[in-house]
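Look at the model below and follow the explanation with the sequence at hand.

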Amino acid sequence: MAEPEGDEWEIWNDDGFVCKRRRSKINIPADHIATEDQLKKNKKKRKMMILMKLRDEYKREIQEWEKLSNILSTINQEKTQIQKSSSVMDSDLPKSQKFSDDFVCQNLFIDELLLQAEAQEAIILNLSNLCDAAEAMISSDKDQFKQRMVNIPLLGSPRSILVSLSD
């Protein structure tokens, strides 16, 4: 086998991907070659679009976190209100009347336990809703990521693959 001459091969750099290829015989007209100014403008536009897209994603995520934070603060407010109402019920009766009769004492104890159970139920329900919202947010992000990976052109040129990965 004869080795090809040095003129038939060239080293080609395509955005960091360096390889050796056969020298092309086709001459590209001068008007099709992009000038450095055009390349800089296109690069600047692409950067701006990427930054704007990233900014929009961050804004959306911040809004979702603010919503979850508001839900958590309402849970805390409800918890403090329930605790205050249970402490007010305990302070309404004088100590001598509270413990004078075992039946009354048991009823008060049962009422207090019932209030605690209702408060815990409300907290668990609110936390469950909060977890559902977080899970929905995560699943939507996961679905978007999967969709972006599915839309990658696997049989395209290396440049088109790099552009789709950078989007």
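**Salt bridges, surface and pocket**

Asp141 counts as partly exposed because its relative accessible area is 32%, where buried means under 20%, exposed means over 50%, and partly exposed lies in between (1.4 Å probe, protein chains only). This is a predicted model, in which local features need pLDDT of at least 70 and side-chain atom pairs count only at pLDDT 80 or more, while totals for chains, interfaces and linings use all residues. Residues are numbered from 1 along each chain as its sequence is written, and side-chain values use heavy atoms, with hydrogens and water left out.

Asp141 forms a salt bridge with Arg60, and their closest N and O atoms are 3.4 Å apart. The two residues join distant parts of the chain, since Arg60 is in helix H1 and Asp141 is in helix H3 (residues 102–150), 81 residues apart. A salt bridge here is a side-chain nitrogen of Lys or Arg within 4 Å of a carboxyl oxygen of Asp or Glu. Helices (H or I, at least four residues) are DSSP runs, numbered from the N terminus.

Arg60 is partly exposed, at 29% relative accessibility. Its side chain also meets that of Glu64 in a salt bridge (3.1 Å, N to O). Glu64 and Arg60 both lie in helix H1, four residues apart, which is about one turn of the helix.

Asp56 is partly exposed, with a relative accessible area of 42%, and Arg55 is partly exposed at 43%.

Helix H1 covers residues 36–92. Within that range, an unreviewed UniProt entry annotates residues 41–68 as "coiled-coil region"; such annotations may be inferred rather than shown by experiment. The span is 100% helix, and its end C-alpha atoms lie 41 Å apart.

A nonpolar surface patch is formed by Met48, Met49, Leu51, Met52, Leu54, Tyr58 and Ile62, with about 710 Å² of accessible area together. Patch residues have over 30% relative accessible area and no salt bridge, and nonpolar side chains are joined within 5 Å. Leu54, at 36% relative accessibility, is partly exposed.

The largest pocket holds about 290 Å³ of space. Of its 10 lining residues, the closest to the centre are Asp15, Leu39, Arg46, Arg159 and Val163. A pocket is an open set of points on a 1 Å grid where a 1.4 Å probe fits, with protein on both sides within 12 Å along at least five of seven lines; lining residues have an atom within 4 Å of a point.

Definitions and conventions: Patch = residues over 30% accessible without salt bridge, like charges linked within 9 Å, V, L, I, M, F, W, Y side chains within 5 Å. Areas by Shrake-Rupley, 256 points an atom, 1.4 Å probe, with all protein chains shown as cover. Points joined across faces, edges and corners; volume = space filled by probe spheres on them.
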